[in-house]
Every structure is written in structure tokens, then in C-alpha cells.
Amino acid sequence: MAVIEKLKIGVIFGGRSGEHEVSLMSARSILAALNPEKYTITQIGITHEGAWLVGDGVLEAFEKNTWKSLYSGAMFPDPTRRGIYMVQSRDKGELLEFISDLDVIFPVLHGTFGEDGTIQGFLELLSVAYVGAGVLGSALGMDKAVFKDVMRAVGVPVVESITVNRREIQENLDGVLSHGESFAPYPLFVKPVNLGSSVGITKCHNRSDLLEGIMDAARYDRRILIERGVEAREIEVSVLGNDDPKASIPGEIIPADEFYSYEAKYYNDRSQLLIPAPISDETVKKIQSIAIKAYMAVDCAGMARADFLLDKVTNEVYLNEINTIPGFTRISMYPKLWDASGLSYPELVDRLVELALERKRERDQNEYRYSR
Ligand SMILES: Nc1ncnc2c1ncn2[C@@H]1O[C@H](COP(=O)(O)OP(=O)(O)O)[C@@H](O)[C@H]1O
Ligand SMILES: [Mg+2]
């Protein structure tokens, strides 16, 4: 009987962002879906502090806060030493113990240091295949301000917004408030440029809300976005692929709060997902084509969820953001939209692994050295 080499997959979860716990939940579902007959899996957990840990049952240890079975793990930004190492071996005989080579890394890390291009940069140095967008797509997906500028440049509709920085707020608060009030009427949304999960976001109905919102957002980021608030339905669509991406059927979020706040996302079980979104075929097509256009424009790969605002009054469609490592539990929107579009959760995970390998092969065609 021919022995088929199993693909070696490293799944990285946890991380330093506020979405550490969400990442553990996503990783739980992904690990359960990776077929052990096809893959050898190495779990790599990153603590809130940023420590990389390996060993037996890493995810369970993270979930239960029991660290005894875990060892410090290390990877080198060095393609000649690709793989995962234990910094101290079990018998303390060696400084480094090689654990496994890795063919594909699945970074299941949401938010800062996971979804923003930083770990992607590290994986590029390592020259390993990994799931999801590269450095640029990840960074642009994370930066709500530059993302909107790029969308405007390629003709994707986004809401009007201005960006202010902390220094302007500290030196000329009145000027910032007046500027915020001058470009659009209330309600206004204030957001830190680089964050997720609605942390630091305020819907402002008047000047005192705006002041409070700006001060709050400035705790989290040096740059603050002030946006025109739209009375909107929230429609999301999943995109999958590399050079020829496809969009799923759209879904709708019915937030249990005045907007889709942190509370409404994770604590209020009255927030609902409607799949498919009850919208016209014409709007479905529009949303799908905008999602793909945006995906290509920021050079995404693998996957992204594109989130839209559909104006309840004018029916105008605006792209709000893309998430390059969207929530990935069994009940998360990204995989559920694919499931409803005919691609089951395990098939989706397999496809993402294939796309990671495909993207790596594509990149390997680049010559990095110039020879005459
Ligand atoms: N311009 C806007 N108009 C209306 N609602 C908005 C606007 N911007 C954000 N929201 C609401 O705030 C939520 C979070 O904002 P979003 O930009 O998606 O940030 P995050 O990355 O934290 O999800 C959205 O899901 C939506 O409910
Ligand atoms: Mg969002």
C-alpha cells in the first residue's frame, strides 16, 4: 500500500489582541474540522503577553488556563530552519528540540498582531505557505482609514469620513470637533483606525457624544476615524480564492443593540444572522461584485469577509470593511455563508489549505536575485 505523506499543518491561535478568546473559539472549530487522515497538526498557542507555547493539548490548556503541559516554542524567520522548535527540551538536554516541519500555517488570530500583516510578514520571511491574505492585504484590511482611501481610488462606494490624529486632538480639540461636525450631520461614528470587535467605537448624536467618543477612541489608537452614520442594514458576504475569488450568498446581521457593538457581537444572544439576507437579486449581485473588486484591490488571498452598510432610506450600498481573518467558529457568519452556498465547513478548511499552497507556489515563481 502506498503511503501518502500527510500535510503538516501548524495552527496558531490566541494572540495579543482583544480577540484572543474569539480566536480560541475559532481554532476549536478549525482543529475539529481538519481531517487527521490528511493532516498532521501542530498546535501553537500565543498568550495574551505574546509568548509562543507548544506541547500536548495546547488549545485545551489555553481554554482551561492550565499551563503545565506546555513549553516555550520558537520559529525562526529563516527558511533554512523552517519548522517549529521547543526552546527547552523535555529532558533539558538540548537548547532546541525540533518538533515538526510545517507545510502550511493557519494563523487563526483575529485583530492586532494577527490580522494586520505583522505575523504574515514573519511567515513571509520564513517562506512557508499560510492561509489568508499577505502583508499588504492584511494591513489594508486592518486600517479602516487607508482602506477607505484605496476604495475611493478604485471606485468602491464607502461612507464619507475624515481622519484625525491624537496630536490634533490634544492640541486643537475645538478644531477637531468643528471639523467633525462640518463634513456630515449627526449621527456620526467615531472609531479607532486599527481595531476590531467594535472596541472604542461610539455612535454620536451630539457634540458631547462626539467629544466623549473621540477621547475614548484616542485611548486605543493614534489615528481616529469620524464617519457619517448611515441608517443601515448590515449585509455581509464571504469571499474565497486567490486570483479568481468567488463571493458567497450574502447574509444579514440584525444587531441586538443600537449598532453592532461589542456587547451585541459577543454577549447579547438576541443578535441574529439571517442567511440568506432578504434582499433583491440585484442588490445581491451588486454586493458580490463590489466585494470581489475590493478583495482584488487590496490584494487579498485565501479568504475575507466583506461587510456592507445598506442604507435603509436610499438603498445605497456602502462597503464598510473587510476582515481578512473573520470569526471562524461553526456558527460564525463566514463559514455559515459558505455552507449555505454549498461548501461545508470541512470542505472550506481544506480549500483554504489548498489556496495557501497555491499562493506559495505562485510566489515561488518570483526571482529575488538578479542575475545577468
Ligand atoms: N458609518 C456607519 N454608519 C452606521 N453604522 C455604522 C457605521 N460604522 C460602523 N457602524 C456600526 O458599528 C459596527 C462596528 O463598526 P465597524 O466599522 O464594522 O468596526 P469593527 O471593525 O469593530 O467591526 C458596525 O457593524 C455597525 O453596526
Ligand atoms: Mg465590523
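Author: A residue is buried if 20 or more other C-beta atoms lie within 10 Å of its own, exposed if 12 or fewer, and partly exposed in between, with C-beta atoms placed from the backbone. You're looking at a predicted model, where local features need pLDDT of at least 70 and side-chain atom pairs count only at pLDDT 80 or more, while totals for chains, interfaces and linings use all residues. Residues are numbered from 1 along each chain as its sequence is written, and chains are lettered from A and ligands numbered from 1 in the order in which they are written.

Reader: Okay, which residues are buried in H1?

Author: His20, Val22, Ser23, Met25, Ser26, Ala27 and Ile30.

Reader: What span does H1 reach from its first C-alpha to its last?

Author: For a helix, the expected span is 1.5 Å times one less than its number of residues. H1, with 14 residues, reaches 20 Å, close to the 20 Å expected.

Reader: And which residues of helix H3 are buried?

Author: In H3 (residues 118-126), they are Ile119, Gln120 and Leu123. Those residues are on the same side of H3 because they cover an arc of only 100° around the axis; the arc is that of the directions from the helix axis to the C-beta atoms. An α-helix has 3.6 residues a turn, so residues three or four places apart point the same way. Among what covers the buried residues of H3 are S7, S8 and helix H4 (135-142).

Reader: Where is Ser127, and what is its phi?

Author: Just after H3, with a positive phi of about 60°. Ser127 sits in the loop between H3 and S8 and counts as partly exposed, with 14 C-beta neighbours inside 10 Å. Look at Asn65 too: it isn't a glycine, yet has a positive phi of about 55°. Asn65 is in the loop between H2 and strand S4 (70-74), and is exposed, with 6 other C-beta atoms within 10 Å.

Reader: Which peptide bond with omega near 0° is cis?

Author: The one from Tyr186 to Pro187, with Pro187 in the loop between helix H7 (173-183) and S10. Another cis peptide bond joins Ile275 and Pro276, with omega about -5°.

Reader: Into which domains is the chain divided?

Author: Domain 1 is 7-130, domain 2 is 141-157 + 230-362 and domain 3 is 161-228; such bounds come from an automatic or database domain assignment. The contact between domains 1 and 2 takes 20 residues from domain 1 and 16 residues from domain 2. Residues are in contact if their C-beta atoms, placed from the backbone, lie within 7 Å. On the side of domain 1 that touches domain 2, S1 (7-14), H1 (20-33), S7 (104-108) and S8 (129-130) give two or more residues, and H1 gives the most, with 6 residues.

Reader: Last one: which residues come nearest to ligand 1?

Author: Gly196, Glu227, Val230, Phe259 and Tyr260, out of 20 residues around ligand 1. Near means that the C-beta atom, placed from the backbone, lies within 6 Å. Domain 2 and domain 3 each supply at least three residues of this shell.

Conventions:
Contact = placed C-beta atoms within 7 Å. Helix = DSSP H or I, 4+ residues; strand = E, 2+ residues; numbered from the N terminus.
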